[in-house]
Amino acid sequence: MSEYTSSTSSVDAVPVPMRPLQPPIPAPTESAADAAAKTAWKLSMNPLSSHSDILSALHTLLAPLDSHLSAGAARVNVGHTSGHFDDTAAGLEGFARRLWGAVPAGIGLPVGDDGIDWDTYMDGIEHGVDPNDPEYWGAAVDKDQRLVEMAPIGFALATIPDKIWKPLIPETKMQLATWLMAMNQRTTPNNNWHFFRVFVNLGLCRVGAQHSLTGLHAALDKFEEWYLGDGWYSDGPTQQRDYYITFAIHFYSLVYVYIVTQPFFAGSRLSNPERIGRYKSRAALLAKDFVHWFDPDTGAALPFGRSLTYRFAVASFWGALALAGVEVEGMSLGVIKGIWLRNLRWWLWKKEIFNGDGTLGIGYAYNNLNMAEAYNSPGSPYWAMKAFIPLALQPDHPFWSPNTPELPLPSSLLPSPHPSSNAHMILIHSSRPSPSAHTYALASGQYANFDMRHAAEKYSKLAYSATFGFCVPTGAYGLVQAAPDSTLALSDDAQSGNENGNGNHWRVRRVPLDAKILREEGEGAKGAAIYAKWDAWKDVDVQTWLVPVTGEVASSKEGDWHIRIHRITAGRELWTSDGGFSVHAQSSVGSHRRLNGWDEDHDEGIEVQTPGETVADDAANASAASALIRSTVGTTGVISIPWSPSEATTPPSSAQVIHTAPNSSIMFSHSALPTIAHHLAPREEPYWLVSGVFGVSGKSKEDGWREAWQTGPKLTVPQWLVSALPK
């Protein structure tokens, strides 16, 4: 091991006032039933700004797990639901995922100051790796969940062996090394899991145990096959460009950089300057694209893709940039710090994400098993502990210094619309001031190449919003259960057999094909559109163009609207539903009943414009349909746009608001969505269905939403795109 025989910069910044804390949560009582309230209250009173604030937040999150430790401390069994792996592996998951937060604290501070009970962790390891112990974790097999949970243990061995390895007795050391070496004898899925082999071998190498540098380098080489350019990877040979690119591949790459530049590894083959430079430069490239996934004011990230229950793990990329000393053009350390902290606050000030005992629950903005993956067990949400990686930086590091205050995102980093070809998205930040600004993406091209729950909803909707989130189905029957927000849904039996409980099944896009981004040409042109097609049935083809409305149309602001253009070839009778953003759908006053009708006094409610009513002075728009919802969260709406590039007739449209089944939305337990509907008869000539989709965040008397909404009838397909459309 003797062959394995490190550095920061500060930035000048002007401090900005920190946003005030959310309205305080009432102080809880001391009863056990108030454990969740106690956790939420502690976090709501934590400004989440300094090193000590973040360390305190980590302890607040980990403390409720202590009551779930098994007798030997080798398992943390948080609840009674299951993932698709065995319960022993689930207990190991609960044990190990705490380490993603505990280890950084242990790196940055000496024993005692870090507040971590390392003796209990070592007790758990002693029982977990002993084949004769009742709490033995079990030997790993191919593609085993145990391989996943080996990674944070390897991370611990590679970085804090004095705290978690040296105190172990020789027999336990041998058993732990043997158990971890299974990583080099088992196959993993062909994706980000290859990095687990890297961390295990780094750890084994660091403590002088048997390891495989060949396996480590082979694993690292896999990611070179999946590098796409501009900082983007794919998560294996897939079309997925989700948070696994940031909180997995880039996060692991940057933690790898940190580890191999420490004294033990410095100068070794592992500390390869070319690889280190490559990982850092790729992360810097991605940062300038990935920043568009975050609301610049609230810190909320776009909910998109799988594993959303890992919640604030999405912030870990920004923390890892600081850990590895990555310099990003145009982003000071204070800007990076601000992105990280704002996202942590957005999450940790939400009381709805905690179970009754104060532990994190499965879900997104509230606990909701309906949106979970098959691999989510009760301990899974603690993958979010990755967000605490900056704690590995000592308290005197410039990242924590008052001379490096968190800074807002400069507008120069957020040109909008922002086409992202590798992510198959156009990202939009509306030009409105806070709290009305809306961050969202128009998406076409990603899909999951394996059978996962709600794959179509998590990857293949038409839009994803940091404010409004999205819905997943709760059942297989009708629009209420389908909850098709931000997508086009089709049915070929919507009005057949309903009296017998048959029919009314809705199909949405799962695999978008031939995706591409189109751009307006010319100096200073901002126009962009994203296209994909969808083979809904053998005799039904759908082509869709999504177009952000650039510039300010009448009284609307840039980013308030986007236009959807659907060209449908229908070989059968069809019913369509083109859904807008879903939104919280309860009144802000009284008994908080379901929104229904319009409440002028409180400026909220529902409006539906039926065909034949006048929606504008322009008689050409007299047949337009529209639906609108306004609540405390924001305002969403859709309006039909009569338009066709040919002489083909446009079918009549109708509008409605669908109150979706409870717990459809990942953001709100009660939600509704506005939608435009059409009835299509089979014909050879394609149909053109065009909708304008509206979204404004928040609820403010000054947001001018009504005037912006009334510009809808003035929308049309931009001329630069018309020439690119088929007839």
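Ala661 touches Thr474 and Val480, leaving aside residues up to four places away in sequence; contact means heavy atoms within 4.5 Å. Ala661 lies in the loop between strand E19 (653–659) and strand E20 (671–680). Helices (H or I, at least four residues) and strands (E, at least two) are DSSP runs, numbered from the N terminus. Ala661 counts as buried because its relative accessibility is 12%; buried means under 20% relative accessible area, exposed over 50%, partly exposed in between (1.4 Å probe, protein chains only).

This is a predicted model, in which local features need pLDDT of at least 70, side-chain atom pairs count only at pLDDT 80 or more, and totals for chains, interfaces and linings use all residues. Residues are numbered from 1 along each chain as its sequence is written, and side-chain values use heavy atoms, with hydrogens and water left out.

A nonpolar core is a set of buried Ala, Val, Leu, Ile, Met, Phe, Trp, Tyr and Cys residues joined through side-chain atoms within 4.5 Å. Two such cores are listed here.

| Core | Size | Residues, among them |
|---|---|---|
| Largest | 197 residues | Trp293, Phe312 and Trp318 |
| Second, separate | 25 residues | Tyr531, Ile565, Ala708 and Val717 |

In the largest core, Trp293, Phe312 and Trp318 have the most contacts inside it. Helix H11 (residues 246–260) gives the most to this core, with 12 residues. Not counting residues up to four places away in sequence, the residues that Trp318 touches include Phe290, Met331 and Trp340.

In H11, Thr246 and His250 are among the residues that meet H12, where the partners include Arg275 and Phe290.
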